[in-house]
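Please look over the structure shown below.

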Amino acid sequence: MHEKLSSKSAATSSWDSLKEPQTTEDLERTEPRFPEDPRQYSEAELMEDPAKRYHVNPDDFPIFRTQGEKKVYGGPSLEQNLDATMSRYVTNTADTIATIAGESREGEPKYDHIIYLDKSARPVSWLVNTFWGDFTEKERPPHSYLSIDRADWFKKVGIDTDNDGRMIGGDRSKITFENFRDKANALPPEIFAQLRALYIEGGIDTEDPSETMKLPATLDGKRILIVDEVSRTGSTREIAKYLVSHAFKDAYVQTTTFWDPGVVIGKDESDIASSPVWYKPKSEFGRGIGPKNPEHYKRKYEAYPNPKNRAQRFGASLLATPLNLAEEPGQPSRKLMREIKTMHQEYQEGHILMTHPKAYSESKWIDKLESQGIQFVPPDRNGRTPKNAYASVCSRQK
């Protein structure tokens with residue numbers, strides 16, 4: 001880790017002194033790309049004051065720098081400090097990887113397969129895949145995507161809701177998974193067969209639900225983790241867990257969320273203060289995938305009638321539609337992918353602080369801090385901490 005954090009810079013901290021370089025080390029310095037560029041400091045200066053290390057160039061992150069959070073109902077969304085935002089995304093990614101890899105302090109073993117819920121959890125898979133080798137040495141398990149929206153599934157069991165998952169009529173309260181579970185017996189058997197068909201190796205030759213349920217599926221008996229990007233009531237991921245558990249024999253299914261949304265003061269507990277920056281309720285774009293469109297899979301099968309395409313046509317109600325990212329208006333998905341790659345590079349160069357992941361034990365976390373030149377020390381009797389203390393570094397990012 002120290003090699004990743006090292007800097008080719010001189011011991012002097014005065015930028016003016018670099019106008020006429022005096023040594024070879026001075027010549028290795030380059031002009032900062034932005035006022036807080038860590039590359040303008042020597043390694044000695046960065047070890048003395050580690051907070052100077054953890055800065056990224058806002059010009060490199062036009063999407064992530066818009067991250068905001070609401071505190072009070074009716075108030076504006078307040079833009080957050082970009083360096084703290086970077087810390088949050090990297091830390092959440094480390095948390096997710098620890099859970100998947102079975103390295104969480106909860107003690108759960110590694111999962112065999114990961115299901116990300118489209119559309120908003122798809123970028124989470126980009127982060128996990130990009131950072132995987134930074135946070136574990138274990139092999140990354142295979143993953144797939146399912147499109148499961150709580151409002152659709154409430155309607156499938158006869159609960160009349162709006163697109164936000166609220167009861168239509170007199171009671172405008174949020175509907176929960178318990179409401180769904182109470183009526184889940186109303187789901188037709190083909191629902192589970194359609195889901196199962198998507199994981200039958202080689203596809204299907206019949207769309208008979210009873211026959212499809214007899215065919216072996218790749219997720220039978222597996223440890224499966226369902227990942228959602230954010231949770232209000234938890235109903236979406238619990239509905240997904242219910243469906244997957246009933247579609248695959250002897251599967252062990254758990255769920256997790258990438259983002260802690262917090263709550264807005266003055267609203268009920270299901271209203272969130274923030275969500276990942278790519279989540280745009282009024283836009284279909286920016287997450288690398290389109291909306292559901294069963295016609296797409298019908299036409300695909302008609303053009304290429306093979307067992308795999310037949311399975312996708314059969315299970316199309318659980319699949320989002322691929323996009324040609326080159327033709328996506330404004331190409332927000334490609335831009336987000338590039339920013340994630342830049343985030344990874346900045347982390348590897350030591351310019352993003354990974355704060356304490358919930359899944360890490362205290363000893364594992366302290367080891368990480370010390371490898372970054374940071375001390376885990378409490379304030380003195382006067383409430384002061386040294387510059388290289390974790391509390392001091394974090395306070396400089398708020």
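**The chain as a whole**

This is a predicted model. The protein chain contains 15 helices and six strands. Of its 398 residues, 47% count as buried. Taking contacts between residues at least 6 apart in sequence, 67% join residues at least 24 apart. The chain exposes about 19,700 Å², and carbon and sulfur atoms supply 48% of that area.

**Helix 12 and its neighbours**

Helix 12 covers residues 307-314, and its buried residues are Asn309, Ala311, Gln312 and Phe314. These buried residues pack against helix 8 (190-197), helix 9 (209-214) and helix 11 (294-303). At the start of helix 12, a side-chain oxygen of asparagine 306 comes to within 3.2 Å of the backbone nitrogen of lysine 308.

Two packed helices are described by the angle between their axes and the distance between the axes. For helix 11 and helix 12 the angle is about 160°, and the axes are 8 Å apart. An angle over 145 degrees counts as roughly antiparallel, so helix 11 and helix 12 are roughly antiparallel to each other. The crossing of helix 11 past helix 12 is left-handed. Helix 11 contributes Tyr297, Lys298, Lys300 and Tyr301 to the contact, while helix 12 contributes Asn309, Arg310, Gln312 and Arg313.

Where do aspartate 118 and leucine 127 lie? Aspartate 118 is in strand 3 (residues 113-118), and leucine 127 is in helix 5 (residues 122-135). Buried means under 20% relative accessible area, so aspartate 118, at 9%, is buried. Leucine 127 also counts as buried, because its relative accessibility is 0%.

| Residue | Relative accessible area |
|---|---|
| Aspartate 118 | 9% |
| Leucine 127 | 0% |

The side chain of aspartate 118 is joined to that of arginine 122 by a polar contact of 2.8 Å. Leaving out residues up to four places away in sequence, aspartate 118 touches Tyr145, Leu146, Ser147, Ile148, Ile289 and Ala320.

With residues up to four places away in sequence again left out, leucine 127 touches Tyr89, Thr93, Phe258, Trp278, Ile340 and Met343. Leucine 127 and histidine 344 are 217 residues apart in sequence, yet their C-alpha atoms are 8.6 Å apart in space.

Technical notes: Residues numbered from 1 in each chain as written. Predicted model: local features only at pLDDT ≥ 70, side-chain atom pairs only at ≥ 80, totals over all residues. Heavy atoms only, no water. Helix = DSSP H or I, 4+ residues; strand = E, 2+ residues; numbered from the N terminus. Buried < 20%, exposed > 50% of the residue type's maximum accessible area, 1.4 Å probe, protein only. Contact = heavy atoms within 4.5 Å. Areas by Shrake-Rupley, 256 points an atom, 1.4 Å probe, with all protein chains shown as cover. Polar contact = N/O pair within 3.5 Å; in protein donor to acceptor, adjacent residues only side chain to side chain. Axes fitted to C-alpha atoms, helices over the stretch in contact; angles between N-to-C directions. Parallel < 35°, antiparallel > 145°, perpendicular 65-115°, else oblique. Left-handed = near helix turned anticlockwise from the far one by under 90°.
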